[in-house]
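Good morning, and thank you for coming.

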Amino acid sequence: MSSAVSQRLAGKTILITGASSGIGRSTAFEFARTSPKDLKLVLTARRIDTLKEIAAEIVKEVGEGVKVLPVQLDVSNADEVRSFVGSLPAEFSEIDVLVNNAGLVKGVAQAPNIAEEDVSVMFATNVTGLINVTQAVLPSMLKRNNGEGAGDIINIGSIAGREPYVGGGIYCATKAAVRSFTTSLRKELIAKRIRVIGIDPGQVETEFSVVRFGGDKAKADAVYAGCDPLTPDDIAEAIVFAAGRRENVVIADTLIFPNHQASATILHRKST
Ligand code: NDP
Ligand code: 8X3
């Protein structure tokens, strides 16, 4: 990453949701590595012990120039989100970059057999959770710059939000909602200096499929059999690239595939 990017990121406070695993975890490391001298990271997820380990690993790798605050946060709990933002320590309280990454998928059931609990948890996390965090952080972004506003909101969508597939009725609907909310927000903030950035990954190997199949690693591994999926670091690089552009440049919309993928369901698999 060029020094221009580290200069642009210097001094910023980055809030990442879902930082305990996968894309969120990689994004924390990528920001820290890109601007190791002067950066503040607020890392959130439900697994606080994992976040503390990641915080320690980051400081061990890049040094004390990056200050890391791990905070336990369930994005689906609106009260928790509000009180979290309101009680951030002063040095972390001005969020410059919000990475709305927390998300999950549950199962591959098709209507009318989708468990109500799975419907609720996917919408509550992927949609309401993302909106909760955005609404809690946005007021402070709007006040900056004499009311012109400042900051980046980076929403992690998915190819699933553009192309619904069999067995993804709810997850795809949540990611379509994220795409729609992201687009509305960008339009609503047109007079402000707040960048609204959408990043839609294709297949990335993380804990995503393990969560989808309730911890069944063999089923999760089968999703990637014969494929060469993206790594979470690939998406982290795109996120930091977007945040590191000149302030007048908005990477509004991206779709990122591994080489073997051309749509949600068109993937070339090598036979083994
Ligand atoms: P992981 O399962 O590896 O990471 C998901 C993260 O979300 C974890 O850190 C988890 O932390 C967090 N999370 C889940 N529920 C909540 C909650 N209620 N409150 C706070 N944090 C929560 O998956 P990925 O890294 O792959 O997923 C990250 C994002 O990328 C998701 O939005 C996903 O939809 C999206 N995506 C993933 C793709 C893929 O192929 N992997 C492709 C396209 C998009 P914890 O359990 O500690 O709370
Ligand atoms: C994850 C990508 O295609 O598995 O968002 O739903 S997919």
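Helix α2 passes helix α9 in a right-handed crossing, where right-handed means that the near helix is turned clockwise from the far one by less than a right angle, and left-handed that it is turned anticlockwise. Helices here are DSSP runs (H or I, at least four residues), numbered from the N terminus. The axes of α2, residues 22–34, and α9, residues 232–243, cross at roughly 50° and come within 8 Å; axes are lines fitted to C-alpha atoms over the stretch in contact, with angles from 0 to 180 degrees between N-to-C directions. That makes α2 oblique to α9, since angles under 35 degrees count as roughly parallel, over 145 as roughly antiparallel, 65 to 115 as roughly perpendicular and the rest as oblique. On the α2 side, the contact (C-beta atoms, placed from the backbone, within 7 Å) includes I23, R25 and F31, and on the α9 side I235, E237 and V240.

This is a predicted model, in which local features need pLDDT of at least 70 and side-chain atom pairs pLDDT 80 or more, while totals for chains, interfaces and linings use all residues. Residues are numbered from 1 along each chain as its sequence is written, and chains are lettered from A and ligands numbered from 1 in the order written.

I turn to the second pair. The axes of α5, residues 116–143, and α6, residues 169–188, come within 9 Å and cross at roughly 15°. The two helices are therefore roughly parallel to each other. Among the residues in contact are M122, F123 and L130 of α5, and Y171, V178 and F181 of α6. α5 passes α6 in a right-handed crossing.

Key:
Two residues are in contact if their C-beta atoms, placed from the backbone, lie within 7 Å.
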